[in-house]
Amino acid sequence: MKRIVSFFIVTVLAACSGSDKKNLPTDDNTDADSSRQAPVSNTVQVIKALPHDTASFTEGLQIYDGKLYEGSGDYENSALQIADLQTGKVLQKHKMGSKEIFGEGINVFKGKIYQLTWQSHIVYVYDEKNINAPIKTFSWPYEGWGMTNDGTNLIISDGKPNGHLYFVSPDSFKIVKTLTVTDNNGPKKDLNELEYINGFIYANIWNTNTIVKIDPTTGNILLVINCANLLEQYAFKELNDPDFDKEGNVLNGIAYDPATKKTYITGKRWPKLFEVVLN
């Protein structure tokens, strides 16, 4: 999810975003299930490219009340912000990061905004009408990566090789259910930013150009969506700026607008937010 060359550079990549991510086990999934059908493959369809805040190291993305809510990482640059969906202009911004606190996924749900942190085990909770200061915090036992909701519970990813998604009570932050996400090769690691769309969970696979569609009942991956080369097609100039970190600024961020039925994706510090069709 991150990649920040501040705290830990583990040899070559630290990748999820700048020096990034989490010191994840490197062993591949070994629980391949030859009887399980491989997911269908598809390619994302771009409808429109909109401006996006290039200062945002996107970790969480959601459209709420017509505006773009975003959680960004990168330690001291971590923030919770609200932007205009069409122009990308940041309307409000709360910087909550520090040398120890790395902001992660967010979700606006039942009048509150929840914001995960990566390795600090802290969840910040804000009143949806005021992002300037949290009203409470929860403790979370795992790394925080992505977050969405199914109308009843929050759903959280931690990126681990076991492929777990956690269904969590928004009132107590107790785990209600654990779902293992799998395909024909076994559990799926690196599940990152999440979005619940029309009864299915969509997840970025960290450090790839892939989004997967997940059955929330079985955990089966139904669809693998290729989102490669978006910046090459729609932001060639910015992509080739020497200051743009091509390795760290990866695809991350899925947002669905229930009012317009439109879906949007972006990436870390990407100059564009894309209106897309995922399937």
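Student: Which helix gives the most to the lining of the second largest pocket?
Tutor: Helix α1 (residues 230-234) does, with three residues. Helices here are DSSP runs of H or I with at least four residues, and strands are E runs of at least two, numbered from the N terminus. This is a predicted model: local features need pLDDT of at least 70, side-chain atom pairs count only at pLDDT 80 or more, and totals for chains, interfaces and linings use all residues. Residues are numbered from 1 along each chain as its sequence is written, and side-chain values use heavy atoms, with hydrogens and water left out.

Student: What makes something a pocket?
Tutor: On a 1 Å grid over the protein atoms alone, a pocket is an open set of points with protein on both sides within 12 Å along at least five of seven lines. Lining residues have an atom within 4 Å of a point. The second largest pocket has a volume of about 250 Å³, and a volume is the space filled by probe spheres set on the points. It has 16 lining residues, and those closest to its centre are Asn209, Lys246, Asn249, Val250 and Trp270.

Student: How does that lining divide into nonpolar, polar and charged residues?
Tutor: Nine are nonpolar, five polar and two charged. Ala, Val, Leu, Ile, Met, Phe, Trp, Tyr, Cys and Pro count as nonpolar, Asp, Glu, Lys and Arg as charged, and the others, Gly among them, as polar.

Student: Is tryptophan 270 buried or exposed?
Tutor: Buried means under 20% relative accessible area, exposed over 50%, partly exposed in between (1.4 Å probe, protein chains only). Tryptophan 270 has 4% relative accessibility, so it counts as buried.

Student: Where does tryptophan 270 sit, and what is it in contact with?
Tutor: Tryptophan 270 is in the loop between β22 (262-267) and β23 (272-277). Contact means heavy atoms within 4.5 Å. Leaving aside neighbours within four places in sequence, the contacts of tryptophan 270 include His52, Leu230, Phe244 and Val250.

Student: Why do β1 and β20 count as paired?
Tutor: Two strands pair if DSSP finds at least two bridges between them. Strand β1 (residues 40-43) and strand β20 (residues 221-226) have four bridges, in the parallel sense. Asparagine 42 has isoleucine 225 of β20 as its bridge partner.

Student: What about β19 and β20?
Tutor: Strand β19 (residues 210-214) pairs with β20 over five bridges, in the antiparallel sense. Isoleucine 211 has isoleucine 225 as its bridge partner in β20.

How values were computed. 1 Å grid on protein atoms, 1.4 Å probe; cavity = no way out; pocket = protein on both sides within 12 Å on 5 of 7 lines; lining within 4 Å.
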